[in-house]
Amino acid sequence: MGEVTKSLIGNQYLVKYSVGHTQAGIRLDRFLMARYRKRSREQLKKAIDSGAITISREGGKHLNLGRIKPSIPLQIGDVVHVLSRRAKEPEVNFNYQLLFEDDSILVINKPPNLPVHPAGRFFFNTLIVHLKTKGFTNDTESTNDFYLVHRIDKETSGVLLLAKTKEACNNLTAQFRNRETDKYYLAIARGTPAQDQFDVEAPLGKNPESPIGLKMYERPESMGGLSAHTHFEKIETRGDYTLLACFPRTGRQHQIRVHADIAGLPLLGDKLYGMSEKDCLVMLDHHRDLRLEEMSAADEESVSDELSPEELELVEEGEDTADKPVNLRYQQIVNSLIIPRHALHAAGLRFKHPATGADMVFESGLPDDLREFFEGLTDQPLAPFKTKHW
């Protein structure tokens, strides 16, 4: 594969593919079809005819051969330019707070409704792209590099750690993998725990028979499940809801949310857990981006920030799935959620600085939307609290 560069120009996105030795002689349309698999040959032909796709040769000068044809053979050193329109994306919340930054790391207090990296219908409206472009004032070819060390879901708020160099990323990823970090979350659950402190140890995995591909289930290790352990501490119960401190001792996808549900305490607003699969499928059908929901912060896998252009639309009008008609059952489910996102907040993170080895501790209090809901249950302010395990 040849080199790929990307840049944001106003509301347009330019991707440039250099042609290497192995691609010499390939027709332009075949070259493009290998990279835009969701686009038909006819759609690519229309983009070429419209001037959205061009070729440069000999020091960057565009070919002066009249209208470029899809059948034109590529040569070594050619650069294929693909100009895309910045597609409409769902609105997100860019009001994140910088907690710490130096030459090695960046620590963010992430608000809810902000995807961390491109996935599904979100590309530009993500934290990584916003940081890389300094709020869209620079193009995406800038030298501002950020590497995700762990993830939190689009709906989850709280402390998020990013690395600014590959060396720092490798160091921090190893700390997470070796369980040398500490983290805790705050959550509002439906129900009242029988004990002030309790543990859930239940292996988790995907169910190949489930129609919901991203959902995790209690799954025996003999059937592919991975060991998982979460410690829970009750902070306060008001009416039918309990504020919990959650300490994941292992790192599995959606671990806190699944373990809370197993304990009979599903998280408020959770669209995957705590509701029937039938209703969950209604939600997924309406919100396509939920099918590509990010993994939880407890996932210890290293994360790449490579920005892929393949899913972007070429310059043509497409169906806006965000305006899909709302059916009655979907609206009933939304109303039953009470709040629009799952009530989970990454409240604390402790790790070693990758360059100095110093202890780094960051905390974030319960965010306004969750605090206002919980305090509104009794019209009483939430008293200051400190967990026993932090």
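This is a predicted model: local features need pLDDT of at least 70, side-chain atom pairs count only at pLDDT 80 or more; totals for chains, interfaces and linings use all residues.
Which residues are buried in helix 4?

Residues are numbered from 1 along each chain as its sequence is written, and side-chain values use heavy atoms, with hydrogens and water left out.

In helix 4, the buried residues are Ala 168, Cys 169, Leu 172, Thr 173, Ala 174, Gln 175 and Phe 176, where buried means under 20% relative accessible area, exposed means over 50%, and partly exposed lies in between, with a 1.4 Å probe and protein chains only. Helices here are DSSP runs of H or I with at least four residues, and strands are runs of E with at least two, numbered from the N terminus. Helix 4 covers residues 166-177, and its 12 residues reach 16 Å from the first C-alpha to the last, close to the 16 Å expected at 1.5 Å a residue; that expected span is 1.5 Å times one less than the number of residues. The cover over the buried residues of helix 4 includes strand 7 (105-110), strand 8 (147-148), strand 9 (157-163), strand 10 (182-190) and strand 16 (344-352), with contact taken as heavy atoms within 4.5 Å. Just after helix 4, Arg 179 takes a positive phi of about 60°.

Let me turn to helix 5, residues 255-262, which is largely enclosed by the rest of the structure because six of its eight residues are buried. Those buried residues are Gln 255, Ile 256, Arg 257, Val 258, His 259 and Ala 260. Just after helix 5, Gly 264 takes a positive phi of about 80°.

Side chains of opposite charge can pair when their charged atoms come close, and a salt bridge here is a side-chain nitrogen of Lys or Arg within 4 Å of a carboxyl oxygen of Asp or Glu. Searching the whole structure gives 15 salt bridges. In one of them, Asp 153 pairs with Arg 257, and the closest N and O atoms are 2.8 Å apart. Asp 153 lies in the loop between strand 8 and strand 9 and Arg 257 in helix 5, so this pair ties together parts that are 104 residues apart in sequence. Arg 257 also meets Asp 270 in a salt bridge, at 2.9 Å from N to O. Because Asp 270 lies in the loop between helix 5 and helix 6 (277-286) while Arg 257 is in helix 5, that pair ties together parts 13 residues apart in sequence. Asp 153 and Arg 257 are buried, as are both Asp 270 and Arg 257, and Asp 153, Arg 257 and Asp 270 are linked in a network of salt bridges.

Asp 49 and Lys 45 are four residues apart in helix 2 (residues 41-50), so about one helical turn separates them. Asp 49 counts as partly exposed at 30% relative accessibility, and Lys 45 counts as partly exposed at 33%.

Next, the aromatic rings. Rings of Phe, Tyr and Trp (its six-membered ring) pair if their centres lie within 6.5 Å, with planes under 30 degrees apart counted as stacked, over 60 as edge-to-face and the rest as tilted. By this rule the count comes to eight aromatic pairs. One of these is Tyr 184 with Phe 247, which are stacked at 5.5 Å centre to centre with 20° between the planes. Tyr 184 lies in strand 10 and Phe 247 in strand 15 (residues 241-248), so the pair ties together parts that are 63 residues apart in sequence. Tyr 184 is buried, with a relative accessible area of 7%, and Phe 247 counts as buried at 1% relative accessibility.

Finally, Tyr 17, Phe 31 and Tyr 36 form one aromatic cluster, and the charged end of Arg 35 sits over the ring of Phe 31, 3.7 Å from its centre; the rule for this asks for NZ of Lys or CZ of Arg within 6 Å of the ring centre and within 35 degrees of the ring normal.
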